[in-house]
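Here is a briefing on selected local features of one protein chain. Please keep the sequence and the model open while reading.

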Amino acid sequence: MDSKDFHHWSARTAEWGANYRDGLRERPVRAQVRPGDIARQLGDTPPDTAEAMEAIFADFENIIVPGMTNWQHPRFFAYFPANAAPVSVVAEYLVSAIGAQCMLWQTSPAATELETVTLDWLRQALGLPETFTGVIQDSASSATLAAVLTMRERALGWQGKQSGLAVHPAVRIYASDQAHSSIDRAIWISGIGEDNLVRIPVTGPTHGMDPAALEAAIVRDRQAGLLPAGIIANVGGTSIGATDDVSAVCDVARTHDLYIHVDAAWAGSAMICPEFRHFWAGVEQADSVVLNPHKWLGAQFDCSTHYVRDPESLLKTLAIRPEYLKTSGSAGDSGAVIDYSERSIPLGRRFRALKLWFLIRAHGLDGLRTMIRNHVSWAEALAERIAAEPDFEITSQPMLSLFSFRYKPAGADDLDALNQRLLDAINDDGRIYLTQTRVGGEFVTRFQVGSFAGEQADVAFAFDVIREMADGLGAD
Ligand SMILES: *Cc1c(COP(=O)(O)O)cnc(C)c1O
């Protein structure tokens, strides 16, 4: 592609993107294709000769786009959102055009310094104390892996990296049975092993782990000669928003000298609103916290902010500085400048701070707070409306903007199968998109309000679709 074509296609792409966003309500939310439908339309072998951009772009529009699930759709109510606010897309285009690899301060000083400043802006917005500094990771999974490795190293006197785990007592990590699957994977990858992930049962309306059961498990493990290392607390679990009492869990961590990491990947964004901060009360005592501005807040994927109270322990766990990575004229992360790659697992780093900076400036914290407050109140109103239907029940109350429900018409026997059929019918219809989970072993449908482009009318429309689809099932 020469410079003239680059001008042309950049402009055309930007135009396409804006039109795509404008037209989302006319598209189905979930891709309406079967496995193999897309691959079948693509060539089996790569071209030896150059193809025209017109042809490539036409295939993109005709083959690829229909096979995309439209995550920015205003009626996306599945999983959690992965909002890419238009302003963050603009920033991402600039990042992509510059194409810098931002592993060290000197590989792009502005990227490093903007990361520091933006992280601190967000820290202030979240009401976290000044003692927290951070790093932008690619995902909450990476942040949690870094936290689990830090727990492991701290418990092993920083010797695990050198000696491996075989010569030490078993390292034990504690989390609730509502913890995200990224915690299991961190336990696998860190070599600790799933057998050493102790699952604490949850209790009460917030589905938090029982602090007394947590403490008893730690004491029992210590007596058995095992090595308790850390706790992972949930704030807004993925299934139904399970939330631990962070303050009580931090007390246990402190009493037993364990590291505590808080996984607030989704719900953390809501903490820019002071009235929701009770959900993570005590967080200032935690050792680390992760939240994903790429979920609810609107920073184009990926952007996961990982705050730590003591960056030194993260550096002792992850930093490595071979000659070819030394930063000339600086002392590296321990000195005058920060080399953020010393705080993350991959060496190479995208410039993730720019979109967060554009987003916060273009919307202001007030604009973002209004969006989150709207989503929470629309979700609560919808849950009430569904609860008022005699043949539906709410199976988990709204936690922020997430709740779950179940279709339960009188006389129906296999409710799991019926609810699966209802969900399939809704998603095959395509006007809205929902996903499932299990509550008390039963198949239920999750509903979360979180689309950056969504309006109150879209949530009301979802009610109509659910009602219509349920009535349609009855007629079969
Ligand atoms: C989404 C989510 C994760 C995983 O986030 P990634 O950034 O995709 O790794 C972890 N924990 C919770 C509670 C989540 O909602």
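## Backbone, packing and rings

Tryptophan 158 is found in the loop between helix H5 (140-155) and helix H6 (160-163). Helices (H or I, at least four residues) and strands (E, at least two) are DSSP runs, numbered from the N terminus. The model is predicted: local features need pLDDT of at least 70, side-chain atom pairs count only at pLDDT 80 or more, and totals for chains, interfaces and linings use all residues. Residues are numbered from 1 along each chain as its sequence is written, and side-chain values use heavy atoms, with hydrogens and water left out.

**Backbone features**

- Tryptophan 158 has a positive phi of about 65°, although it is not a glycine.
- Tryptophan 158 is partly exposed, with a relative accessible area of 26%. Buried means under 20% relative accessible area, exposed over 50%, and partly exposed in between (1.4 Å probe, protein chains only).
- Leucine 400 also has a positive phi, about 55°, and is not a glycine. Its place is the loop between strand E10 (392-399) and strand E11 (402-407).
- Leucine 400 counts as buried, at 3% relative accessibility.
- Phenylalanine 301 and aspartate 302 are joined by a cis peptide bond, with omega about 10°. Aspartate 302 lies in the loop between helix H10 (293-297) and strand E9 (304-308).

**Helix packing**

- Helix H3 (residues 86-98) packs with helix H12 (residues 353-387) at an angle of about 145°, and their axes are 8 Å apart. Axes are lines fitted to C-alpha atoms, for helices over the stretch in contact, and angles run from 0 to 180 degrees between N-to-C directions.
- The crossing of H3 and H12 is right-handed. Here, right-handed means the near helix is turned clockwise from the far one by less than a right angle, and left-handed means anticlockwise.
- On the H3 side, the residues are Val87, Ser88, Val90, Ala91, Glu92, Leu94 and Val95; they meet Leu354, Lys355, Phe358, Leu359, Ala362 and His363 in H12. Contact means heavy atoms within 4.5 Å.
- The residues of this contact divide into nine nonpolar, two polar and two charged. Ala, Val, Leu, Ile, Met, Phe, Trp, Tyr, Cys and Pro count as nonpolar, Asp, Glu, Lys and Arg as charged, and the others, Gly among them, as polar.

**A buried strand residue**

- Isoleucine 260 sits in strand E7 (residues 259-263). It is buried, with a relative accessible area of 2%.
- Leaving out residues up to four places away in sequence, isoleucine 260 touches Ile231, Ala233, Val249, Cys250, Ala253, Gln285, Ala286, Asp287 and Ser288.

**Aromatic rings**

- The structure holds 16 aromatic pairs. Rings of Phe, Tyr and Trp (its six-membered ring) pair if their centres lie within 6.5 Å; planes under 30 degrees apart count as stacked, over 60 as edge-to-face and the rest as tilted.
- Phenylalanine 57 and phenylalanine 60 have ring centres 5.6 Å apart and planes at 55°, so the pair is tilted.
- Both lie in helix H2 (residues 53-64), three residues apart, about one turn of the helix.
- Phenylalanine 57 is buried at 9% relative accessibility, whereas phenylalanine 60 is partly exposed at 29%.
- Ring pairs link Phe77, Phe392, Phe403, Phe405, Tyr407 and Phe447 into a cluster.

**Charges over rings**

- Arginine 75 lies over the face of phenylalanine 461, at 4.0 Å from the ring centre. A charge sits over a ring if NZ of Lys or CZ of Arg is within 6 Å of the ring centre and within 35 degrees of the ring normal.
- Arginine 446 lies over the face of phenylalanine 80, at 5.0 Å from the ring centre.
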